[in-house]
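The stops below go from the whole chain to single residues.

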Amino acid sequence: MNKILIVDASASDGRIMAGLLIRAGYNPVVTDCIEAGKVEAAKLPPGAVIVTAMRLSDGTAKEFINWLKTEGYKFPVIAIVDNLNTDAVDVMRGGGAVDVVQRLAIDKQLTETVGEYSKAEHIVLTLDNQLLPRKSEEWQMIEEKIKAIAATNANAIIFGECGSGKEQVAHQIYLNSSREQKPITIVDAGGAALVGRHNPENERSEIYNRIEGYFHKSAGGTIIIKNVHLLTFEKQSVLLHILETEHPDVRVICTAEPELLKMVTEKTFRPNLFFILRQSDIAVPALKDTTEDIPEIADFFLKRYSAKTGKQRKHLDASAIKALKLYPWPGNVRELKDIVLFAAFHAKGDIISEADINFNLSEPRADDDLSLRNPQREREKILEAYRRGGSWSEAAKLLGITEKTLFNLRNKYGIERNGENQP
């Protein structure tokens, strides 16, 4: 597995990055300062990648990169930046980094960005534009809505949690539309593509020209803006100005996490821009709400893994499928992909069992914790555990209580055996 050196003073972010990379099949090493980073850099094999924060306790990313150059190391360096307008420009144009990842978007961008510069063999598979095979009723409805929206020229926002498949839905709208033969431009609102400085007193500022350039490039076609909720307020203003004053013949399809709705209410995202972009919308369900799709999706990834590696196709047994269905999936389909591929890589035989499944349990999952610590939410948690587990015995395991205790709680809250309210 390919070695990745992480140099970041934030212990929590270091753990998150390491977890993401481990699930993708990499072998990360985490340090918290430049001096420790130098020691580990000397041990890196060919094909390794370095990920470093802009500022560390004993120096900066620029200083670390300069040391690497002096020592003759040619490892690609990816910088973790807090501010795309200033930090990213500095470290990419003069600091020697090959790319940047915004700290707020680590979970969305890190693995794929590392994959672009990693040269050793690994098991990263990127999702293409096709929809994954699913059988849930929720996804059948989404496919119908994709066709309905595609038949119009309306802008659209695809809402969903991180890793739930929003980008694939956005692409399908484009592919099913009358603009399918026209240009398409894909921009990540939290990525390096929108790096630039904006001066509100200068209408033709660098960032204005950059965004306007995407519209010219996509004339008659489509722009997909990924993670539109990560646009700074200044870039929102530029986008709004272009849409309102220039009326470009370009359909805009955005993806966003549900927090965008809260941002509009709190006026941290411009309401007038929001309503221009959300002429139609689709809400993509979380994987934990469509667990019946898990076996088909996992099997799809195993087929892709076999095709890429040339190894014999592997299959999940009943214990593995059960474990996957019981897990709350904070990272949704993207996390499922990484966990299934990691299991395929390490499983000794052609059958993947529960013992081969390695969940990253160090990530915070406050909303997915089913322990009954909050009496005001007990009833809700009980029903959620029953829905996930599919039976009251499995629900008791998820809740961490005995079946007898669960039976008493069901009586307390008037919950029938089928999960319905008592009359």
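Predicted model: local features only at pLDDT ≥ 70, side-chain atom pairs only at ≥ 80, totals over all residues.

Residues are numbered from 1 along each chain as its sequence is written, and side-chain values use heavy atoms, without hydrogens and water.

**Whole chain.** Select everything and colour by secondary structure: there are 17 helices and 14 strands. Helices (H or I, at least four residues) and strands (E, at least two) are DSSP runs, numbered from the N terminus. Of the 423 residues, 52% are buried; buried means under 20% relative accessible area, with a 1.4 Å probe and protein chains only.

**Helix α1.** Now select residues 11–23, which form α1. What should its 13 residues span at 1.5 Å a residue? The expected span is 1.5 Å times one less than the number of residues, which gives 18 Å, and the end C-alpha atoms are 18 Å apart, in agreement. Buried residues in α1 include Asp13, Met17 and Leu21. Show β1 (3–7), β2 (27–31) and α14 (332–346), which are among the elements that the buried residues of α1 pack against. After α1 comes glycine 25, with a positive phi near 95°.

**Phenylalanine 301.** Next, select phenylalanine 301 in helix α12 (residues 294–309). Is this residue buried or exposed? Phenylalanine 301 has a relative accessible area of 2%, so it is buried.

Technical notes. Buried < 20%, exposed > 50% of the residue type's maximum accessible area, 1.4 Å probe, protein only. Contact = heavy atoms within 4.5 Å.
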